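User: I have a model open and would like to talk it through before I set anything up. Can you take my questions as they come?

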Amino acid sequence: DTLGSDAAPVEVIEYGDFECPACAGFATIQMPTIKEQLIATGKVRWRYRDYPLPMHPYARLAAHAAQCAGEQGKFWEMHDQLFLNHGWAQTGKNPTGLFRDFARAASLDLARYDACMASGRYAARIEFSRQEGEQRLVDGTPTFYINGVKYVGRNNSDAFKAAVDSAAAARRR
């Protein structure tokens with residue numbers, strides 16, 4: 001699930017968990033500026049990978065909801081709904097109905113969304129993504145890789161811009 005063009009000189013891979021408060025903070029506070037400065041300008045291709053943490057009981061369900069939205073070309077709309085309305089993650093209650101409300105807000109075909117959720121067809125893909133993250137030594141969420149190298153800087157838009165500029169310059173050398 002990708003934002004930006006394939007021609008972008010820099011690829012950022014984010015491993016995230018939809019139930020993670022730090023991921024929600026990043027998505028709602030930093031990502032709008034990153035979209036504007038780096039993705040919309042063609043500097044970055046941003047890929048989101050699911051990394052549901054075992055301590056989060058509804059992280060996989062949320063990841064599945066986002067993947068089902070992606071089936072209708074609305075992954076990022078559902079991503080934003082899940083993070084902008086993050087109160088669901090603190091209730092401890094099954095958020096299935098709420099996720100359906102988010103699907104409606106993202107203008108999804110609800111019959112297709114319901115069928116996708118009932119099928120569980122993305123469970124293996126989500127688990128593959130988690131295992132891939134484990135192999136890459138993801139040790140928490142969110143974790144980022146810039147052109148394949150683990151990013152260890154601050155998780156704010158200014159730091160990302162500097163890291164992306166540096167990675168782009170390294171590619172040109």
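What follows is a working chat about this predicted model.

User: Let's start with the overall makeup. How many helices and strands are there in the chain?

Analyst: The predicted model has 8 helices and 5 strands in its chain. Read from the N terminus, the elements come in the order β-β-α-β-α-α-α-α-α-α-β-β-α. The radius of gyration of the chain is 16 Å, close to the 16 Å from the globule rule for 173 residues, so the chain is as compact as a globular protein of that length.

User: And what box do the C-alpha atoms fill?

Analyst: Taken along the principal axes, the C-alpha atoms of the chain fill a box of roughly 50 × 30 × 25 Å.

User: What share of the residues is buried, and what does the accessible surface come to?

Analyst: Of the 173 residues in the chain, 47% are buried. The accessible surface of the chain comes to about 8300 Å², and carbon and sulfur atoms account for 53% of that surface.

User: Which residues other than glycine have a positive phi?

Analyst: Leu 137 is one of them, with phi near 65°, and Asn 147 is another, with phi near 50°. Leu 137 sits in the loop between α7 and β4, whereas Asn 147 is in the loop between β4 and β5, the latter being residues 149-150.

User: Are those two buried or exposed?

Analyst: Leu 137 has a relative accessible area of 60%, so Leu 137 is exposed. Asn 147 has a relative accessible area of 24% and is therefore partly exposed.

User: Staying around there, what is Lys 150 in contact with?

Analyst: Leaving aside neighbours within four places in sequence, Lys 150 is in contact with Leu 137, Asp 139, Thr 143, Phe 144 and Tyr 145. Lys 150 itself lies in strand β5, and because its relative accessibility is 30%, Lys 150 counts as partly exposed. The C-alpha atoms of Lys 150 and Ile 13 are separated by 9.3 Å, although these residues are 137 apart along the chain.

User: Next, helix α2. Where does Ala 59 stand, buried or exposed?

Analyst: Ala 59, which is placed in helix α2, has a relative accessible area of 1%, so Ala 59 is buried. Its contacts, apart from neighbours within four places in sequence, are Asp 17, Glu 19, Pro 52 and Leu 53. Ala 59 and Cys 20 are 39 residues apart along the chain, and their C-alpha atoms are separated by 8.1 Å.

User: And what does Leu 61 touch?

Analyst: Not counting residues up to four places away in sequence, Leu 61 touches Asn 94, Pro 95, Thr 96, Phe 99 and Met 117. Leu 61 is also found in helix α2, which covers residues 59-70, and with a relative accessibility of 25% Leu 61 counts as partly exposed.

User: How far is Leu 61 from Phe 75 in space?

Analyst: C-alpha to C-alpha, Leu 61 and Phe 75 are 14 Å apart, and in sequence they are 14 residues apart.

Technical notes:
Residues numbered from 1 in each chain as written. Predicted model: local features only at pLDDT ≥ 70, side-chain atom pairs only at ≥ 80, totals over all residues. Heavy atoms only, no water. Helix = DSSP H or I, 4+ residues; strand = E, 2+ residues; numbered from the N terminus. Rg over C-alpha atoms; globule rule 2.2 N^0.38 Å. Buried < 20%, exposed > 50% of the residue type's maximum accessible area, 1.4 Å probe, protein only. Areas by Shrake-Rupley, 256 points an atom, 1.4 Å probe, with all protein chains shown as cover. Contact = heavy atoms within 4.5 Å.
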